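Dear colleague,

My notes on it follow directly after.

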Amino acid sequence: MKGYNFAYLDEQTKRMIRRALLKAVAIPGHQVPFGSREMPLPYGWGTGGIQVTASILGPDDVLKVIDQGADDTTNAVSIRRFFARTAGVATTTHTAEATVIQTRHRIPETPLREDQIIVYQVPQPEPLFRLEPSRVETRRMHALADYGLMHVKLYEDIARHGQISISYDYPVLVNGRYLMSPSPIPAFDNPKMDGMAALQLFGAGREKRIYAIPPWTQVRSLDFDDHPFRAINAPGNCGLCGASDSYLDEVVTDDKGGRLFVCSDTDHCAERRAAGHIGAEGLRDAVE
Amino acid sequence: MTVPTLLSARGLSLRFGSIPALVSVDIDLWPGEMLAIVGESGSGKTTLLNVLSGLTKPDDGAVWYRGPNGHMHEVHAMPAPALRTLHRSDWGFVHQDPRRNLRMTVSAGGNIGERLMAAGARHYGDIRAQALHWLAQVEIDADRLDDFPRTFSGGMLQRLQIARTLVTHPRLVFMDEPTGGLDVSVQARLLDLIRTLVARLGIAAVLVTHDIAVARLLAQRIAVMQRGVVVETGLTDQVLDDPQHPYTQLLVSSVLHT
């Protein structure tokens with residue numbers, strides 16, 4: 001696009017972000033500060049993710065952007081179009097075709113490969129921030145790997161609710177060392193991070209932090225021996241494609257209590273339907 | 001003395017500007033004994049406690065601590081992670097204000113369990129059983145386990161702080177006026193509890209107090225401080241019954257007799 005550098009950011013800024021990324025990859029799960037720039041979208045809409053994507057994007061890359069699993073929501077469409085215009089890169093909605101996937105709140109159901117990079121948008125990079133108000137103190141806790149406090153939070157959950165009640169942004173320990181916020185992905189997606197083939201990059205624009213998980217790194221969700229981590233999902237199958245193993249969104253269909261569970265990953269659902277899988281609701285549509 | 005000391009300090013000196021807070025203080029503490037540091041307000045008692053526990057660095061002098069494996073560590077030369085681990089496991093610190101130590105937004109059970117979890121305990125049932133056990137040890141009803149500390153009275157908060165501190169079975173506990181700010185009957189109960197627990201568990205303790213009666217009741221040995229100087233030290237009964245230094249004589253004679 002005329003008047004703009006490739007992928008919007010200037011080359012010096014991209015170099016600065018790449019340096020932060022290299023450091024982040026070298027220390028898995030450690031939050032690296034970076035000079036976050038003002039972007040042409042508000043904080044909370046993915047300014048961190050978009051800066052990371054801009055600095056790793058090359059002309060041959062194929063970009064996919066998802067928002068809560070969907071390719072067709074405002075955030076996903078806008079960011080995809082942003083890079084199509086400022087970088088001229090090819091875009092796709094198919095997970096398997098993409099080389100760079102920017103995501104908000106989900107990891108695609110299709111397993112990622114070694115030649116792919118997933119970029120997470122992170123609102124709050126500090127997993128301890130609700131427990132310890134002082135950033136000086138949380139940094140010290142990270143430095144000393146002193147994470148008893150996080151377990152106190154889990155203890156309180158079980159004492160109060162009978163189980164660990166964190167359903168998203170479930171804290172993980174990366175490579176047996178750093179406590180990390182996985183960004184607000186559902187706890188259901190946590191096991192996908194463990195030993196993932198793709199490089200995982202995390203950008204928090206407002207908080208000015210970058211962190212990363214290199215491929216094939218151990219990512220463990222915190223739990224107790226007698227209260228092991230459970231991946232929570234809605235009870236039921238996808239109404240459109242019948243999938244029982246994908247993360248489901250609940251959709252209210254009328255004002256009489258009618259509801260429908262559908263795959264949150266729209267690409268996964270569409271591919272399954274194209275392959276001939278039909279769920280309960282899909283079948284009814286076909287009959288009608 | 002044939003038994004090796006648990007904690008030794010030699011020549012501790014510290015100045016806050018022109019004020020001498022500590023003047024070449026020597027302290028020895030043997031395993032299982034309680035040492036009281038008494039003196040009026042501003043005499044350097046709390047400063048000495050902070051220096052002994054590694055929280056404040058002295059201008060001069062050194063503190064040595066004998067770890068469970070028998071090795072001596074120089075407290076102020078220890079790396080920060082090691083000192084923090086020591087504070088979380090082998091040592092305990094009981095503050096005058098329990099709110100400084102407790103997490104007011106976490107239940108009593110979570111408060112007691114925090115040190116266990118920091119030390120790596122990962123079994124919820126075990127942590128809860130330990131919390132219940134320690135709640136009973138400090139005479140708090142078992143049904144208060146999931147209550148928040150803000151619903152506790154002052155005396156209960158102090159007892160909860162003690163339970164939270166002792167749960168990792170520390171060998172050395174620092175106490176800064178543990179009975180300060182409590183009314184007399186609550187004080188008596190707390191003193192009785194501390195004495196029983198310390199004796200039963202064989203804990204060594206450094207107790208800072210301005211109350212001679214508390215020192216007489218709990219401590220085997222006593223160190224009297226005035227303006228940063230330890231003016232007299234010895235067995236508690238000996239020092240209090242036959243004070244040699246004029247300042248100690250003044251302190252003892254100023255206690256009200258009924």
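In chain A, strand 4 and strand 5 (residues 117-121) pair in the parallel sense over four bridges; helices (H or I, at least four residues) and strands (E, at least two) are DSSP runs, numbered from the N terminus, and two strands pair if DSSP finds at least two bridges between them. The bridge partner of I101(A) in strand 5 of chain A is I118(A). Strand 4 of chain A (residues 100-104) is also joined to strand 2 of chain A (residues 62-67), by five bridges and again in parallel, with I66(A) opposite T103(A). Four of the five residues of strand 4 of chain A are buried (under 20% relative accessible area, with a 1.4 Å probe and protein chains only).

Please note that this is a predicted model, in which local features need pLDDT of at least 70, side-chain atom pairs count only at pLDDT 80 or more, and totals for chains, interfaces and linings use all residues. Residues are numbered from 1 along each chain as its sequence is written, chains are lettered from A and ligands numbered from 1 in the order in which they are written, and side-chain values use heavy atoms, with hydrogens and water left out.

Between the chains, helix 5 of chain A (residues 148-161) packs with helix 3 of chain B (residues 108-118) at about 140 degrees, their axes 9 Å apart. Axes are lines fitted to C-alpha atoms, for helices over the stretch in contact, and angles run from 0 to 180 degrees between N-to-C directions. The two helices are therefore oblique to each other (angles under 35 degrees count as roughly parallel, over 145 as roughly antiparallel, 65 to 115 as roughly perpendicular and the rest as oblique). Residues in contact (heavy atoms within 4.5 Å) include Y155(A) and E156(A) from helix 5 of chain A, and E114(B) and M117(B) from helix 3 of chain B.

Helix 3 of chain B is mostly covered, with 10 of its 11 residues buried. These buried residues pack against helix 5 of chain A and, within chain B, against helix 2 (80-88), strand 6 (91-94), helix 4 (124-137) and helix 5 (154-166). After helix 3 of chain B comes G120(B), with a positive phi near 110 degrees.

Chain B also holds an open sheet of four strands in the order 2-1-4-5, with antiparallel pairing. Its edge strands are strand 2 (19-29) and strand 5 (72-74) of chain B, and the twist averages 25 degrees from one strand to the next. Strand 4 of chain B (residues 60-66) pairs with strand 5 of chain B over three bridges, where Y65(B) stands opposite H73(B).

With kind regards

Technical notes: Buried < 20%, exposed > 50% of the residue type's maximum accessible area, 1.4 Å probe, protein only.
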